[in-house]
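Here are my notes on the chain contact and the salt bridges. Please read them with the model open.

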Amino acid sequence: MASKRVVKSSVDWIEMSKRVPTVQKSNFIAFKAKSDGYIRKVAVNPEEPPKIDWSYYKANAANKAIVEQFEKQYNNTKIPYPSDKGAYAKIEEEEKVQMSNVREFIKNSNERIKKYEKDLEIIRNYTPYEEMTEEEFAYAHPELALDSLNKPTNFPHTPEVQPDAEDLEFFRKRGFFAKGPDRYFP
Amino acid sequence: MLSRLSFKTGVTFFRQDRLPLLRYQPSASLEMYRIEKNKIVKEVSVDDITKVAATEVTDLVPRPSPFDSPLRDHVNFPKPVRLERPSPTRMAMFPEEWFKFLYPKMGVTGPYTLGIGLILLLVNKEIYLIDDFEFRHTVAFYLWIYVFVKTPLGKLLQNFFLDNLESEQFRKFRLYNEEVRLEAIKHEKEEQWRQEGKQLLFDAKKENVGLQLEAMYRNNSMDLYQQVKRRLDYQVEVAKIDSRIKGQFMVNWVNEKVKESISKMSEKDNLKQCIANLNTLAAKA
């Protein structure tokens with residue numbers, strides 16, 4: 001990557017900002033600010049420094065020997081492009097991990113979507129409730145239909161009037177739920 | 001068993017099958033839901049009678065009921081439909097079916113003649129005895145029925161009791177179930193779209209590293225250029241100053257020499273010469 005010289009932003013910030021959830025908006029803004037700072041720093045200096053006119057200096061300088069020395073040295077030096085010291089490698093590692101997570105999430109999410117669509121089909125193929133009898137309803141929604149054998153409830157079958165632990169205790173003390181013949185109706 | 005709050009008028013002869021009662025009369029309304037580990041968890045509040053009290057939407061298992069199988073004979077054993085409003089009646093009491101039944105043979109007035117004739121027969125033959133109690137009670141009975149069925153007051157009461165139509169409840173129940181799942185699908189797709197944007201983030205990170213390196217490189221090369229240029233400019237300046245000083249020195253030296261040469265000659269001779277010149281000039285002018 002060192003040979004590729006980055007000059008201006010090639011990332012689609014608008015697209016990215018659309019996908020950021022509102023909870024992480026501030027993080028995104030900070031990140032963008034940082035990136036913009038880097039771009040600004042790059043723009044301060046030109047890509048290549050301007051050329052030096054050696055003939056002018058040779059004609060007008062006091063000490064021609066120095067000029068010639070400078071010329072030789074200047075033309076021979078080459079500033080090395082700085083190395084990233086493993087930053088790219090780290091980023092790629094992280095990227096691999098994160099993108100594999102994303103792929104997994106998408107896979108699971110698609111499975112969930114399939115399940116929901118199956119459920120939708122089932123719902124849309126029920127007979128209309130107005131034509132159902134109690135039995136048919138129990139076939140369709142077993143957890144919602146009344147079931148006096150397994151899950152008995154008191155009329156009017158709302159959760160507010162079902163007995164809780166206090167009520168049961170009240171009745172237990174007075175001899176209801178006792179094994180054997182009824183206390184009040186022997 | 002009829003629904004608890006609906007008031008049915010009119011006499012009908014159809015078998016009214018029991019409407020299925022929900023286990024818990026739904027008393028919750030949807031406000032928001034969230035997805036937690038493959039389940040939809042709904043948060044419910046207390047006022048809407050059409051939504052389910054359970055907070056989890058579980059997997060649906062299609063259990064085909066034997067009542068719907070294709071082998072069922074729908075002609076001889078049709079599925080009875082529960083009426084929500086009373087079937088049409090005449091005079092608030094007598095069903096239309098009787099009038100239709102007698103129309104081919106007796107026309108439009110047939111059932112009325114039958115009715116009146118029957119009543120007259122029974123009264124005349126003293127099979128049904130009327131005294132003032134009977135008369136008063138039959139009239140009152142019929143008037144009350146008329147009030148509750150045909151007058152606006154009666155229609156108000158009917159609407160009041162039929163507001164909570166159970167068909168509407170069930171329609172909303174079905175819609176609620178569908179809505180939950182449709183919303184879930186929509187949100188899943190949106191979330192997928194968002195997660196795909198992570199790639200952009202990593203591209204941006206790499207780009208930042210590149211930008212920083214570029215900035216360093218440019219800084220360094222500009223630095224070198226400026227240092228070298230400074231030193232060369234210094235040399236040029238030195239040369240300029242040198243030549244300027246030399247020039248000034250030359251000028252001063254020349255001036256001095258000229259002054260010296262002037263002072264070597266005698267001042268008087270110079271003066272005399274100057275006066276003579278002036279005289280000649282004055283003579284001419």
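**Notes on the interface and charge pairs**

1. About 9000 Å² is buried between chain B and chain A, and carbon and sulfur atoms give 66% of this area. Buried area is the accessible area (1.4 Å probe) that two parts lose on being put together, summed over both. The contact (heavy atoms within 4.5 Å) takes 83 residues from chain B and 95 residues from chain A.

2. This is a predicted model; local features need pLDDT of at least 70, side-chain atom pairs count only at pLDDT 80 or more, and totals for chains, interfaces and linings use all residues. Residues are numbered from 1 along each chain as written, chains are lettered from A and ligands numbered from 1 in the order written, and side-chain values use heavy atoms, without hydrogens and water.

3. Seven salt bridges link chain B and chain A. A salt bridge is a side-chain nitrogen of Lys or Arg within 4 Å of a carboxyl oxygen of Asp or Glu. One of them pairs B:K206 with A:E92, with the closest N and O atoms 3.5 Å apart.

4. B:E188 and A:R112 form another, at 2.6 Å between the closest N and O atoms. B:E188 lies in helix α5 of chain B, A:R112 in helix α5 (residues 87-124) of chain A. Helices are DSSP runs (H or I, at least four residues), numbered from the N terminus. B:E188 is buried at 2% relative accessible area. A:R112 is buried at 11%. Buried means under 20%, exposed over 50%, partly exposed in between (1.4 Å probe, protein chains only).

5. Within chain A, A:K58 meets A:E71 in a salt bridge (3.1 Å, N to O). A:K58 is partly exposed at 30%, whereas A:E71 is buried at 18%.

Note on methods: Helices (H or I, at least four residues) and strands (E, at least two) are DSSP runs, numbered from the N terminus.
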